[in-house]
Amino acid sequence: MSIYGRDPWGGPLEIAADSATDDDRSRNMQDYDRAALSSSRQLDDTQQSWLLGPTDQKKKKKYVDLGFIIVSRKIFIWIVGTVLAAAFLVGLITLIVKTIPHHHSPPPPPDNYTLALHKALMFFNAQRSGKLPKHNNVSWRGNSCLNDGKSESSTIFKDLRGGYYDAGDAIKFHFPKAFTITMLSWSVIEYSAKYEAAGELNHVMDIIKWGTDYFLKTFNSSADTIDRVVAQVGVGDTSGGSTTPNDHYCWMRPEDIDYPRPVAECHSCSDLAGEMAAALAAASIVFKDNKAYSQKLVHGAKTLFKFSRQQRGRYSAGGTDASHFYNSTMYWDEFIWGGAWLYYATGNTSYLQLATTTGLAKHAGAFWTSPDYGVFSWDNKLTGAQVLLSRLRLFLSPGYPYEEILRTFHNQTGIVMCSYLPVFTSFNRTKGGLIQLNHGRPQPLQYVVNAAFLAALYSDYLEAADTPGWYCGPNFFSTDVLRRFSKTQIDYILGKNPEKMSYVVGFGDHYPRHVHHRGASIPKNKIKYNCKGGWKWRDSKKPNPNTIIGAMVAGPDQHDGFHDVRTNYNYTEPTLAGNAGLVAALIASSGDGSQGIDKNTIFSAVPPMFPTPPPPPAPWKP
């Protein structure tokens, strides 16, 4: 049967109908397909499966479908085998390496400055007052003066336990102690990586915190405004032949003290409060990762500095007990010093504006020279403040309105560094090479270590700022000259001197054995020696029964001579402030020279010096 239809191309279209079933037609089509394939190029299995569907005969696949790529089975097997073989080989080699004993070359021994640093820090453990921590590691020390402040009607501060004894006595002088905490904090801020490498970072931070915890007890640290601070605990004046038991008349172990310890408050003490503010502000940067504690220190520093500005006066004025031992000559330097540290701690430009006020700098002596110009100490912080603010100019360059005074401070710092060099005659030197910063007066080493620290630090500042040196008049000096000065002074203290004497107790084989120190000179033998009973130990010719490791004694005289006599404190007495300078100088000079300062940590709270430029205006539309 045929069906005719219209052929669109102009002829009839015949569609033949047959009687074949659908199955027959399907089989025929398969025959046609195979016939067509037989005459064309050979297709692979995948292509045939597309056209023909599954075959009756199962064939071994030549390709592997990985989902994202199709690869030859042979290549796939080769790759997998190679990877497994490599993994096995690596594992075997690793096993062999781990089982073979290693013979590492020992690390280089620590340099002398690092060795001395370990000992110098131990001195602060020996000076602790109050209830000692278990890890204090000074066997001959124990809890002492646990009633400080408690029974004194002269003060409203009843818990004055803790802190540090100043020197060979048991007095807590807060003015030099605050300087001590500031110096230690400054050294940690600049050289934390070196402390870490020496294994002493936690130790020095613990020393700082022991001091700051105590200072927070000496004024109302939770208030915004105060009218007093504690200046001193204990007294030492024995002038006029007084036989009243006190910390100088008696010679007793601190653990055995049973005489009254008066508390001295001050209501107008700009110098003391300014230095305490600097100490807490600097320490707040050290503890910046402990936000709660850091903010507590910042708040205390602000309160103290506000008090120092509002209640003008010297803490040692009027013949106080402190005036006999730590007399303050002025407070203008503390305004600059404290203002600089508060600016770094808070980023508040009002503190920077104050610290860079020309009038303050003039009162502090920045524009005139004197025999003691450039001598950095617990009393005069001008030189340290100038170095500290030169740092700001070197690394942030704040420009107007600070540039003029900062440039002056920077230039003055350069002049001070010139005065330290032996080619200039600002300061004499002993024949052994010790610079005479205090012009031949007793107890020279505390000033020497501060200068050694500033010189090494300023050298690192210049190197970090890619500045190879500085000018002294027409002459250019490299930073190496500063570092060499610093190291020669420290080397003198550690034993390279005519006496061949190490002035740091416990360092080397030849060091002072009769240190002027009550706790070190009296044996811990379960016998309580009363006020006068300890005099026999004071006057004994025998070496101290206890070694006060790390104590830097007062030092030699202007002729390099030294008398190891316990009763002569001008030679053999150590102090907190002296050891703080020593620690700072040692950490600055330690290491192989590959680690410099930490340029950025001190600026953590400082905002960008220039505001972010505003976004561009929107496109103009007509």
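How many of the 622 residues of the protein count as buried, as a percentage? The share is 50%, where buried means under 20% relative accessible area, exposed means over 50% and partly exposed lies in between (1.4 Å probe, protein chains only).

## Before we start

This is a predicted model, in which local features need pLDDT of at least 70 and side-chain atom pairs count only at pLDDT 80 or more, while totals for chains, interfaces and linings use all residues. Residues are numbered from 1 along each chain as its sequence is written, and side-chain values use heavy atoms, with hydrogens and water left out.

## The overall picture

Let's begin with the whole chain. The protein has 19 helices and nine strands. Both are DSSP runs numbered from the N terminus: helices are H or I with at least four residues, and strands are E with at least two.

Next come the contacts, meaning heavy atoms within 4.5 Å. Among contacts in the protein with a separation of 6 or more, 71% are between residues 24 or more positions apart.

## The nonpolar cores

A nonpolar core is a set of buried Ala, Val, Leu, Ile, Met, Phe, Trp, Tyr and Cys residues joined through side-chain atoms within 4.5 Å. The largest one here has 164 residues, and W186, W341, Y344, Y420 and F453 touch the most other members. Helix α14 (residues 445-464) supplies the largest share of this core, with 14 residues.

Take a look at W341. Leaving aside neighbours within four places in sequence, W341 is in contact with T182, W186, I189, A278, A281, A282, I285, L388 and I602. Another core, of nine residues, lies apart from the largest one, and its members include Y165, A170, Y259 and C531.

How do helices sit against each other? For the values below, axes are lines fitted to C-alpha atoms, for helices over the stretch in contact, and angles run from 0 to 180 degrees between N-to-C directions. Angles under 35 degrees count as roughly parallel, over 145 as roughly antiparallel, 65 to 115 as roughly perpendicular and the rest as oblique. Start with helix α12 (residues 382-395) and α14, whose axes come within 10 Å and cross at roughly 10°. These two helices are therefore roughly parallel to each other. On the α12 side the contact is made by T383, G384, V387, R391, L394 and F395, and on the α14 side by L454, L457, Y458, Y461, L462 and A464. By class, that contact has nine nonpolar, two polar and one charged residues. Here Ala, Val, Leu, Ile, Met, Phe, Trp, Tyr, Cys and Pro count as nonpolar, Asp, Glu, Lys and Arg as charged, and the others, Gly among them, as polar.

Now compare two other pairs. Helix α4 (residues 112-126) and helix α5 (residues 174-198) pack at an angle of about 140°, with axes 13 Å apart, and are therefore oblique to each other. T114, L117, H118 and F124 in α4 meet T180, L184, Y195 and A198 in α5. Five of the residues in this contact are nonpolar, three are polar and none is charged. For helix α6 (residues 201-215) and helix α7 (residues 270-286), the axes come within 11 Å and cross at roughly 135°, which makes α6 oblique to α7. Here M205, I208, T212 and F215 of α6 make the contact with M276, L280, A283 and V286 of α7. That contact has seven nonpolar residues, one polar and no charged.

## Details in the loops

Loops have interesting spots too. In the loop between α12 and α13 (403-420) you will find P401, and the peptide bond from Y400 to P401 is cis, with omega near 5°. S397 is also placed in the loop between α12 and α13. S397 has a positive phi of about 45° although it is not a glycine, and at 40% relative accessibility S397 counts as partly exposed. Q443, in the loop between α13 and α14, has a positive phi of about 55° and is not a glycine. Q443 is partly exposed, with a relative accessible area of 23%.

Not counting residues up to four places away in sequence, D560 touches T430, K431, G432, Y492, P498, E499 and Y503. The C-alpha atoms of D560 and N497 are separated by 7.5 Å, although these residues are 63 apart along the chain.
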